[in-house]
Amino acid sequence: MDICKIPENSSKCTVNTMECFMVLSTQAQKISIATLCGLFGTLCVFENSLVLYLIFSSPGTRRKPSYIFISSLALADILASIIFVCSFVNFHVFNKTDFSKETFLLQLGGVNTSFSASLSSLLLTALDRYISISRPSEYKLLMTRKRAWVALGVLWVTCAAIASLPLLGWNCCTLDSTCSELFPFVDGNYLSSWICFIMVLLGCIVYAYAHVLWRAHQHVAYMEKHQAQAGKQNTRMRMDVMLAKTLVMVLTVLVLCWSPVLVLMIYSIFARLSNHLRKVFAFCSTLCLLNSMVNPIIYALRSKELYSSLRMVFSRFRRQLKTSEESPETETTHKSSVIETVCEDMIMPCPRTEDPDIL
């Protein structure tokens with residue numbers, strides 16, 4: 001399929017024009033995208049589902065606001081992976097255009113809601129760590145479970161409202177305005193506003209974590225100076241420092257994975273993109289899946305509570321597997337098989353295995 005150029009005028013709201021956004025021109029490119037999406041998407045759903053199970057299966061973690069926010073992040077990553085992979089592969093790999101403008105904007109809204117909620121959950125986690133380290137004596141009073149759930153409700157409603165604006169009428173077809181070169185039917189001004197929203201979230205996260213790292217550094221220096229006073233307070237500070245470092249790693253991965261996409265989005269606002277850059281954007285979009293896939297790995301490696309829960313799950317699974325292998329039914333079946341084989345070799349009548357004397 002030849003790559004076509006998006007027309008300059010605004011009358012580009014037809015199904016035929018949708019083909020101009022299908023930038024993958026070779027079979028190798030389509031196979032590569034499908035492989036990346038399938039691998040990252042599958043691992044992301046599995047890993048984040050495991051994180052949710054570990055958090056809510058343990059009373060010690062599901063009651064903590066920190067892990068409530070992390071569970072929201074995991075849920076957002078699961079939804080983003082499912083919606084993104086299905087819509088992205090269906091559009092770019094299988095070149096499906098048998099859907100309406102509303103259907104496409106609904107899918108795009110789902111992707112935007114999930115990824116925005118993922119980033120916003122990380123912001124709430126940053127604020128949680130900020131309060132925990134800056135005001136430790138008042139943390140339990142300020143950050144309660146009820147307030148955590150209310151904050152998550154506001155977060156998801158806000159992200160869904162912003163993502164649904166194109167579907168509700170803020171699109172280039174309804175407004176007869178300039179369309180984005182990266183997304184069909186999306187108004188250029190809306191894309192600019194969404195980028196500003198994401199940049200504000202990133203800025204707030206960076207500010208919160210800068211303060212968290214500064215206070216964490218102070219705590220480390222304090223603990224090294226007062227090793228003889230290692231008590232409950234120092235233990236809590238060690239946990240705060242560990243969790244802060246873990247979430248900074250999550251933030252670093254987030255910035256590295258999202259930077260190429262955001263840079264190309266910003267560039268598309270001020271300049272016309274070539275077909276090559278739009279192909280690069282398609283491949284860079286899969287980095288968002290990579291980010292969602294890496295987050296649970298960081299949790300398992302850095303969070304002692306989740307790591308301990310994971311080890312308990314694996315230990316329980318091994319015990320159940322060992323028990324099933326050594327169950328009475330298995331032993332009975334094995335003995336019955338041995339008796340029947342011996343009797344057949346001796347050409348003699350065999351007793352019934354139900355006889356208790358045989359066992």
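The mean pLDDT of the protein chain, a predicted model, is 79, and 78% of its residues reach 70 or more, where pLDDT is the predictor's confidence in each residue on a scale from 0 to 100. Because this is a predicted model, local features need pLDDT of at least 70 and side-chain atom pairs count only at pLDDT 80 or more, while totals for chains, interfaces and linings use all residues. Residues are numbered from 1 along each chain as its sequence is written, and side-chain values use heavy atoms, with hydrogens and water left out.

**Confidence along the chain**

Confidence is highest in helix α7 (residues 145-163), at a mean of 94, and lowest in helix α14 (residues 328-346), at 45; helices (H or I, at least four residues) and strands (E, at least two) are DSSP runs numbered from the N terminus. Over residues 333-359 pLDDT stays under 50, and the model has 11 contacts beyond four places in sequence for this stretch, a contact being heavy atoms within 4.5 Å. Residues 7-11 also have pLDDT under 50 throughout, and for them the model has 5 contacts beyond four places in sequence.

**Cavities**

The structure holds 2 cavities of 30 Å³ or more. A cavity is a set of points, on a 1 Å grid over the protein atoms alone, where a 1.4 Å probe fits but cannot get out, and its lining residues have an atom within 4 Å of a point. Grid points are joined across faces, edges and corners, and a volume is the space filled by probe spheres set on the points.

The largest cavity has a volume of about 560 Å³. Of the 31 residues that line the largest cavity, Phe84, Phe88, Leu108, Phe183 and Phe281 are the closest to its centre. At least two lining residues of the largest cavity come from each of α4 (65-92), α5 (101-134), α10 (188-225), α11 (232-270) and α12 (275-302). By class, the lining of the largest cavity comprises 23 nonpolar, 6 polar and 2 charged residues, where Ala, Val, Leu, Ile, Met, Phe, Trp, Tyr, Cys and Pro count as nonpolar, Asp, Glu, Lys and Arg as charged, and the others, Gly among them, as polar.

For the second largest cavity the volume is about 50 Å³, and the residues that line it are Phe115, Leu119, Ile198, Leu202, Leu254, Trp258 and Leu262. The elements giving two or more residues to the lining of the second largest cavity are α5, α10 and α11, with α11 giving the most, at 3 residues. The lining of the second largest cavity divides into 7 nonpolar, no polar and no charged residues.

Phe88 lies in helix α4 and counts as buried because its relative accessibility is 9%, buried meaning under 20% relative accessible area, exposed over 50%, and partly exposed in between (1.4 Å probe, protein chains only). Leaving aside neighbours within four places in sequence, Phe88 is in contact with Ile33, Cys37, Val93, Ala282 and Ser285. Phe88 and Thr286 are 198 residues apart in sequence, whereas their C-alpha to C-alpha distance is 9.5 Å.

Glu47 is placed in helix α2 (residues 27-56) and, with a relative accessibility of 14%, counts as buried. With neighbours within four places in sequence again set aside, the contacts of Glu47 are Met293, Pro296 and Ile297.

**Salt bridges**

The structure holds 5 salt bridges, a salt bridge being a side-chain nitrogen of Lys or Arg within 4 Å of a carboxyl oxygen of Asp or Glu. Three of them are listed here.

| Lys101 | Glu102 | 3.9 Å |

Arg272 is partly exposed, at a relative accessible area of 39%, whereas Glu181 is buried, at 12%.

In the pair of Arg129 and Asp128, Arg129 counts as buried at 4% relative accessibility, and Asp128 is buried with a relative accessible area of 0%. In the remaining listed pair, Lys101 is partly exposed, with a relative accessible area of 23%, and Glu102 is partly exposed, with a relative accessible area of 43%.

Conventions
1 Å grid on protein atoms, 1.4 Å probe; cavity = no way out; pocket = protein on both sides within 12 Å on 5 of 7 lines; lining within 4 Å.
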